[in-house]
Amino acid sequence: MSTVPAQAAWLLEARGVTRRFGGLVAVDGVDLCVGRGSVHGIIGPNGAGKTTLLNLVAGVHGVSSGTLHFCAREITQYSTAKRARAGIRRTFQNLKLFGEMTVLDNVAIGLNAETRSGFFDAVLGTARHRREERDIRDRSMEALRFVGLGDIAAMRAAALAYGHRRLLEIARAIVARPALLLLDEPAAGLNVTEAAHVSDLIARIREAGTTVILVEHHMDVVMRVSDEITVLNYGRRLAHGTPARIQEDPDVIEAYLGRSLENDSAQA
């Protein structure tokens with residue numbers, strides 16, 4: 001008897017997802033099932049297709065073949081904006097902040113798609129517009145306090161330390177209270193202490209009710225927070241399982257973890 005849960009048990013389900021760029025197959029027939037309320041790690045060597053897979057889920061790229069379901073609805077043809085409205089938000093490996101804007105205003109951008117008041121409401125200062133402005137400010141401050149940046153809301157984003165910029169992008173992604181958060185290397189460039197803080201933050205995001213897909217090279221972060229891990233290699237799914245199982249998988253050790261450990265030893 002099959003032990004695979006029914007489709008409704010998955011928040012996100014990708015079946016046979018493929019993405020071609022000309023003659024290059026970046027993602028090759030990947031299956032990915034992400035349970036509600038979980039953290040699902042995606043790891044693999046450079047060029048394995050991790051960020052491309054994240055882009056397919058977010059709608060940045062369309063799939064060449066395969067299907068995507070979210071909340072039991074097919075979203076394969078949804079635009080990026082429609083997926084965001086459905087509850088999928090993401091961060092980027094390369095930070096995309098507005099440096100001359102304040103920390104608070106950067107977070108508020110994450111709620112712009114939800115506003116209902118129009119141009120004339122803003123010009124006339126209607127009650128609806130004022131209510132929305134207060135709600136946006138309150139929710140933005142709540143997100144900043146959640147990630148630990150509440151005390152610097154008025155600072156320009158360009159003046160932030162690198163680690164704080166990483167936290168700011170996460171705050172902007174979670175302010176809309178998404179059902180699914182896609183994190184693309186949130187610990188990249190961080191020191192051990194900062195990476196540990198990001199690990200704790202991801203755990204708190206999950207506890208708050210948001211499912212997370214985490215692409216990350218920082219193995220301590222992935223192994224600490226992930227409930228399940230999918231390993232990609234050359235665009236294909238190499239392995240899937242719990243962190244303990246992945247750490248013991250000989251194919252994974254050969255393709256990724258072992259190589260990483262060898263590099264670490266060589267640098268020591």
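**Notebook: strands, sheet and cysteines**

I began with strand β1 (residues 10-21), which pairs with strand β4 (residues 65-70) in the antiparallel sense over five bridges. Two strands count as paired if DSSP finds at least two bridges between them. Helices (H or I, at least four residues) and strands (E, at least two) are DSSP runs, numbered from the N terminus.

I noted the ground rules next. This is a predicted model, and residues are numbered from 1 along each chain as its sequence is written. Local features need pLDDT of at least 70, side-chain atom pairs count only at pLDDT 80 or more, totals for chains, interfaces and linings use all residues, and side-chain values use heavy atoms, with hydrogens and water left out.

**Entry: β4 and its partners**

The hairpin of β4 and β5 has two residues between the strands. In this hairpin Cys-71 takes a positive phi near 55°.

**Entry: Glu-74**

I then turned to Glu-74, which lies in strand β5. I use buried for under 20% relative accessible area, exposed for over 50%, and partly exposed for in between (1.4 Å probe, protein chains only).

Which residues does Glu-74 contact, leaving aside its neighbours within four places in sequence? I found Thr-67, Leu-68 and His-69. Contact means heavy atoms within 4.5 Å. The side chain of Glu-74 also makes a polar contact of 2.9 Å with that of Thr-76. A polar contact is a pair of N or O atoms within 3.5 Å; within protein, one must be able to donate a hydrogen and the other to accept it, and residues adjacent in sequence count only if both atoms are side-chain atoms. I checked Leu-12 too: Glu-74 is 62 residues away from Leu-12 in sequence, and 9.7 Å away in space, C-alpha to C-alpha.

**Entry: the six-stranded sheet**

I traced an open sheet of six strands in the order β6-β7-β8-β3-β9-β10, with mixed pairing. Its edge strands, β6 (88-90) and β10 (236-241), each pair on one side only. From one strand to the next, the twist averages 20°. Axes are lines fitted to C-alpha atoms, for helices over the stretch in contact, and angles run from 0 to 180 degrees between N-to-C directions.

Strand β9 (residues 228-233) runs antiparallel to β10, with five bridges between them. One I looked up has Thr-230 with His-240 in β10 as its bridge partner.

Helix α1 (residues 50-58) packs on this sheet. I saw that α1 touches β3 (39-43), β6, β7 (180-184), β8 (211-215) and β9. The direction of α1 makes about 150° with that of β7. Helix α6 (residues 162-174) packs on the sheet too, touching β6 and β7. The α6 direction makes about 160° with that of β7.

**Entry: cysteines**

How many disulfides does the structure hold? I found zero. The cut-off is a pair of cysteine sulfur atoms within 2.5 Å. Cys-33 counts as buried because its relative accessibility is 14%. Cys-71, at 27%, counts as partly exposed.

**Entry: the whole chain**

The protein chain has 10 helices and 10 strands. Buried residues make up 49% of its 268 residues.
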